[in-house]
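Here's a quick briefing to read alongside the model. Have the viewer open as you go.

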Amino acid sequence: MSIPLPQLLPSCGSARPATPAARTERTRPRAHRTGAVSRRDFVRLTGACAATLAATSVAPAGGEAGGLDADRRGVLVDLTVCIGCRRCEWACRNESNPPAGELRECDDQSVFRSRRRPTSTQLTVVNRYPGPAGGPAAHVKTQCMHCEHPACASACLVGAMRKTPTGPVIYDAARCIGCRYCMVACPFQYASYEFDNALTPQVRKCQLCPARTSRGELPACVAICPVEALTYGRRDELLRIAHERIRTCPDRYVDHVYGEHEAGGTSWLYLADRPFTELGFPTLGSSSPAELTEAIQHGIFKGFAAPVMLFGLLAAVGRLMRDPKESS
Amino acid sequence: MTALPLASPTRPRYFTPGVWVVAGVALAGGAALLARYVLGLGAVTNLSDGYPWGLWIAIDVACGVALAAGGFTTAFIAHLVHREEFHPLVRPALLTAVIGYTFVALGVMTDLGRFWAMWHVMLPWMWQGNSVLFEVAICVMTYLTVLYIEFLPIVCERFIGRVRLPGPLARLDRIAEAVLRRLDASLGRVMTVFIILGVVLSCMHQSSLGTLMVIAGPKLHPLWQTPMLPMFFLLSAFCVGPAMVIFESLLAARSFRLAPEREILGRLARLIPLLLGVYGIGKVIDLLNRGAALHVLEGSAASALFAAEFGLGVIAPLALLLSPRARRSTRLLLLAASLVIFGVVLNRLNVFLLGFTPPIESAAYVPSLAEFGVTAGFIAMMVLIYRFVALNFPVIEGLKEVRS
């Protein structure tokens, strides 16, 4: 991790909003002064999570339904903390689409004029939403939400999209045939495609930095965030933290953790100071779109009974309706 | 199958001025197709991250499958319900299905970003059983094979007794002849199994094609988004199958200067109001049941599209075909069949394309010239192949008389 963090701090530090002391203490077991989460802090954070869980033992002992680990990971985004510095965009590029270019290009605020979406070369983007009646603007980082029951993985006919038990939804280009049904299925439409690659196009989306996390490092965007708007950790612990922040500072947040239930739950969770509909988040039901299609599909084809019955029925029709003259 | 009256091959002129025009369209489509494979999807199409599926999936694949439904519907009526009077319609409909599904496969391949990996669908360790698309893909592949098997007797009939291999291969004539006879005899014994299999596979994937878009959830407009989509896709396939047979039969009669089989087509047309009625009532009940009926009046593009689909594509042909006078008139029969086809095509377009809105604002999708070119080219190629086979194989009953 050779990211030149100290350069950022002067410009970002002054823009950093004052955060309530209570929130800072509760969410960070040891108060940080550096403004960035290092690997050491990450270890500490997860240690604290483990301790909390050991004490309360809220998590089920084994894996959960759907083959997911109880300690699967996610990221909590506190939009009230985000300053829109776009360092996460740079770090993501650096990790997934190098070369990332100059870091100071992030200071270009003109990109906020239009609403952007993740693309095949920029897997995460930050958009700015003006505040209500001159209030502070909100900055929203978007990327693959890593659903708990991902529609893309349910849609893929060759298993190129897969929900890993540890949380991330992973794309395997070696299986992909390029049908893009995953993109049709994604309730957020966040996956994107390398349309300009004529021969070996890939579906591109956030993979939650598997190379980094397997080394015990934080995902690139989480690591670079100078204001700790992003917290990486166990999903259940992140949810606990999120609700505690809402409880502690009810004036600061709307009482809604986006991603807790949306589309059956997502690994990325968001806290905000205004309704999520004003921040470009789609309004989604609490079940995964895949639940319905899988129910229909398995309902019709369970044990292949319906097709076999239809075959038998048609054979019977063919026999019974036969003209005796013809059969001779 | 063996009881079919013989329809023998004839050779009127293949090329007419109209056919030259169609050939030109096919050639232009071929050029667009070449550009797609050389330059890639991005260079040739207007597809985007917001609209990952476009014209090719909506027309070449979704409409292609629906409009090839004449194959299994006529096979069912003639071979399983044994309505012998419809036998003359079976072979043309089968030919349409063979060509139609072949081009569905080509259309899918053209749309696949990694088309060279298409065979992954056949590898059991790649299979993902939750995927609706997996079921569609396997079914369509199997059905395409079944269709070719169903077509083999026509090939046998064409060549048995007149195998003329070129040059030194002529020595093999007798062997080829024997193989064909053997094949024809064994196919005759098992053909019923393939016909039933064809109907089952058709019901499976025609319905699953509707299930495909259920996973798009709120991205598909509530006028079309319903868990009943598979049922509606199947019912509308039942409607459009006979309509396509009537449409093609009348066009082929005109093109080959034959007397249209008005009597049989009129009788086939009697089925359509019943099927359309079930489909239409089902759609209305579903809209009311989901509380989505008011969207019909919302005055949006979607409501207009729905009105066109339902009014012109369901109610109008239903009313038309209830009248015996319309069923006896070639012109009105053609009009009614065209309306049913229009309704189903618009329905597939609505479900796969026009009713789809990405949750992130994206530039509207308008297909590129090359996308239209490929689609038009595929349709032109199908017409050319149909004409060639119809003129050289015993498919269309009436061509025998023309020849003699």
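This is a predicted model: local features need pLDDT of at least 70, side-chain atom pairs count only at pLDDT 80 or more; totals for chains, interfaces and linings use all residues.

Residues are numbered from 1 along each chain as its sequence is written, while chains are lettered from A and ligands numbered from 1 in the order in which they are written.

**Chain A overall**

- Chain A has twelve helices and nine strands; these are DSSP runs numbered from the N terminus, H or I over at least four residues for helices and E over at least two for strands.
- Of its 328 residues, 44% count as buried (20 or more other C-beta atoms within 10 Å of the residue's own; exposed is 12 or fewer, partly exposed in between, with C-beta atoms placed from the backbone).
- Among contacts in chain A with a separation of 6 or more, 64% come from residues 24 or more positions apart; a contact means C-beta atoms, placed from the backbone, within 7 Å.

**Where A meets B**

- On the chain A side 51 residues are in contact with 48 residues of chain B.
- Elements giving two or more residues to that side of chain A include α5 (151-155), α6 (181-185) and α11 (305-320), but α10(A) gives the most, with eight residues.
- By class, this side of chain A has 31 nonpolar, eleven polar and nine charged residues (nonpolar: Ala, Val, Leu, Ile, Met, Phe, Trp, Tyr, Cys and Pro; charged: Asp, Glu, Lys and Arg; polar: the others, Gly among them).

**The core**

- The largest nonpolar core has 197 residues, a core being a set of buried Ala, Val, Leu, Ile, Met, Phe, Trp, Tyr and Cys residues joined through C-beta atoms within 7 Å.
- Helix α8 (residues 229-255) of chain B gives the most to this core, with 15 residues.
- The residues with the most contacts inside the core are A:C152, A:C182, B:C239 and B:V240.
- Leaving out residues up to four places away in sequence, A:C182 touches A:C152, A:A155, A:C156, A:M161, A:A191 and A:V203.

**Strands in chain A**

- One open sheet of three strands runs β8-β1-β9 in chain A, with mixed pairing; strands pair if DSSP finds at least two bridges between them.
- Its edge strands are β8 (230-234) and β9 (268-271), each pairing on one side only.
- β1 (residues 73-78) and β9(A) pair in the parallel sense over four bridges, and A:L76 has A:L269 as its bridge partner in β9(A).

- In α3 (residues 55-67) of chain B, 13 of its 13 residues are buried.
- The end C-alpha atoms of α3(B) are only 16 Å apart, short of the 18 Å a straight helix would reach at 1.5 Å a residue (the expected span is 1.5 Å times one less than the number of residues).
- Eleven of the eleven residues of α4 (residues 70-80) of chain B are buried, so this helix is largely enclosed by the rest of the structure.
- What covers the buried residues of α4(B) includes α11 of chain A, along with α5 (87-111), α6 (132-159), α7 (173-211) and α8 of chain B.
- After α4(B) comes B:H82, with a positive phi near 60°.

Conventions:
Two residues are in contact if their C-beta atoms, placed from the backbone, lie within 7 Å.
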